[in-house]
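Reader: I am new to this structure and would like to find my way around it. Could you walk me through it, one question at a time?

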Amino acid sequence: MLDQTQTALDGISVSIRDLQLSFGAVDVLQDLNLDIAKGEFLVLLGASGCGKSTLLNCIAGLLEPTGGQIFIEGQNVTWAEPSERGIGMVFQSYALYPQMTVKGNLSFGLKNARVPKDEIERRVARAAELLHLQPLLDRKPAALSGGQRQRVAIGRALVRDVDVFLFDEPLSNLDAKLRAELRVELKRLHQSLENTMIYVTHDQIEAMTLADRIAIMRGGVIQQLAQPLEIYNRPANLYVAGFIGAPPMNFIRGRIEDSEFVGPVRMPLTGYGWSEGPWTSGDTVFGIRPEHVKIGDDARHCACQTEVTIEVVEPMGADTLLWTRIGGDEFRIRLDGQTTIHEGQTLPIGFDIDCASLFDAQSEQRI
């Protein structure tokens, strides 16, 4: 049995089997299964309370699951102490020792673990080089910016020289500019280390830019696990379609009748990439992303055409967002930032089926 388990885990860095966690009558994680490949950057994405940080804490050993098993690098660590799991963890809070220098913060855990002095020097120097901390090694945390402190917190995990790194919303306390800069640093770090990284966030931009794969969670259940573009282009259900994208996908409710979507707009479905074969009838939700909507002369070549009146124009620099309504529901259109369209203007719009998504109105699953 052990050999079969080991064979199944070949190439897998972290494996989660039928994981359950309950607090009293509240089920936080429900029969969750997840395999993370060696060297993969996996992002756990979802709204607050979806169970993503709880799952990370179970992997780290900070929470004991109610049921199921966790394997790290082929070893069953379900009941192992955090220090025995071969992981490094970076929290949302920097949690640096204020009386110590950057070098002291990086080396403190290694000294407590009685790592030889020359090995400590080697690991600290390597982490400082990777995170561009060399000029800051003699400073104390009070003399650092927020981004520099977070880099030190990441470095403190790196010096442990482990195979798996866990990140619990490490950038959420930083301003937008620093978040963008550290996203690039993390991407470069993963490319140079090639370690397994599991990253928790509620920020879809972080997820899309960092991840090899994204696991979107809701109510303790993984809604979709796939590469970023697969999730963006072919969301598994209405929740994922509405969660990914800023602004999110537009939805129009209607029915499928005689191979055509019928609602406030009509759309022939010839050429649609069905998930499980063509539908012939049924209540359906039609989804289209704002950037896939054409206007003016471009709309006249689309399979679906209608007219809308623009209610709000949002200039956003590189892009402009137009707000209107179709069938009483809000509908958004993303255009180039140089557009001259204004509020109250009526214009033709259009879109094609190859950019659309269809969902069963009852189950909310992609069809």
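This is a predicted model: local features need pLDDT of at least 70, side-chain atom pairs count only at pLDDT 80 or more; totals for chains, interfaces and linings use all residues.

Reader: How many bridges hold β1 and β2 together?

Author: Strand β1 covers residues 12-23 and pairs with β2 in the antiparallel sense. The number of bridges between β1 and β2 is eight.

Reader: Is α2 largely enclosed or largely open?

Author: A residue counts as buried when its relative accessible area is under 20%. In α2, the buried residues are Lys52, Thr54, Leu55, Leu56, Asn57, Cys58, Ile59 and Ala60. Just after the helix comes Gly61, with a positive phi of about 90 degrees. Eight of the nine residues of α2 are buried, so the helix is largely enclosed.

Reader: Let us turn to β8. How many of its six residues are buried?

Author: Look at both sides of the strand: Thr196, Ile198 and Val200 point one way, while Met197, Tyr199 and Thr201 point the other way. All of these residues are buried. Strand β8 (residues 196-201) is therefore largely enclosed by the rest of the structure, and its count of buried residues is six of six.

Reader: Now for the open spaces. Which element gives the most residues to the lining of the largest pocket?

Author: This pocket holds about 580 Å³ of space and is lined by 23 residues, with Ile87, Met89, Arg156, Ala157 and Arg160 nearest its centre. Two or more lining residues come from each of β6 (87-90), α3 (102-112) and α5 (146-158). By class, the lining has 17 nonpolar, three polar and three charged residues. The element that gives the most, with four residues, is α3.

Reader: What is the make-up, by class, of the lining of the second largest pocket?

Author: About 160 Å³ of space lies in this pocket. Its lining has 15 residues, and Asn233, Asp354, Cys355, Ala356 and Arg366 are those nearest the centre. The elements giving two or more residues are α8 (228-233) and β21 (356-360). By class, the lining is six nonpolar, five polar and four charged.

Reader: Which helix gives the largest share of the lining of the largest cavity?

Author: Searching the whole structure turns up one cavity of 30 Å³ or more, and the volume of the largest cavity is about 60 Å³. It is lined by Arg122, Arg123, Arg126, Ala127, Leu130, Leu158, Val159 and Asp161. These divide into four nonpolar, no polar and four charged residues. The largest share, five residues, comes from α4 (residues 117-130).

Reader: What is the relative accessible area of Glu330?

Author: Glu330 lies in strand β19 (residues 329-336). Beyond its neighbours within four places in sequence, Glu330 is in contact with Asn250, Trp323, Thr324 and Arg325. Glu330 counts as partly exposed, and its relative accessible area is 41%.

Reader: And how far apart in space are Leu178 and Gly147?

Author: Leu178 is found in helix α6 (residues 176-193). Leaving aside neighbours within four places in sequence, it is in contact with Gly146 and Gly147. Leu178 and Gly147 are 31 residues apart in sequence, and their C-alpha to C-alpha distance is 6.0 Å.

Methods:
Residues are numbered from 1 along each chain as its sequence is written. Side-chain values use heavy atoms; hydrogens and water are left out. Two strands pair if DSSP finds at least two bridges between them. On a 1 Å grid over the protein atoms alone, a cavity is a set of points where a 1.4 Å probe fits but cannot get out, and a pocket is an open set with protein on both sides within 12 Å along at least five of seven lines; lining residues have an atom within 4 Å of a point. Grid points are joined across faces, edges and corners, and a volume is the space filled by probe spheres set on the points. Ala, Val, Leu, Ile, Met, Phe, Trp, Tyr, Cys and Pro count as nonpolar, Asp, Glu, Lys and Arg as charged, and the others, Gly among them, as polar. Buried means under 20% relative accessible area, exposed over 50%, partly exposed in between (1.4 Å probe, protein chains only). Contact means heavy atoms within 4.5 Å.
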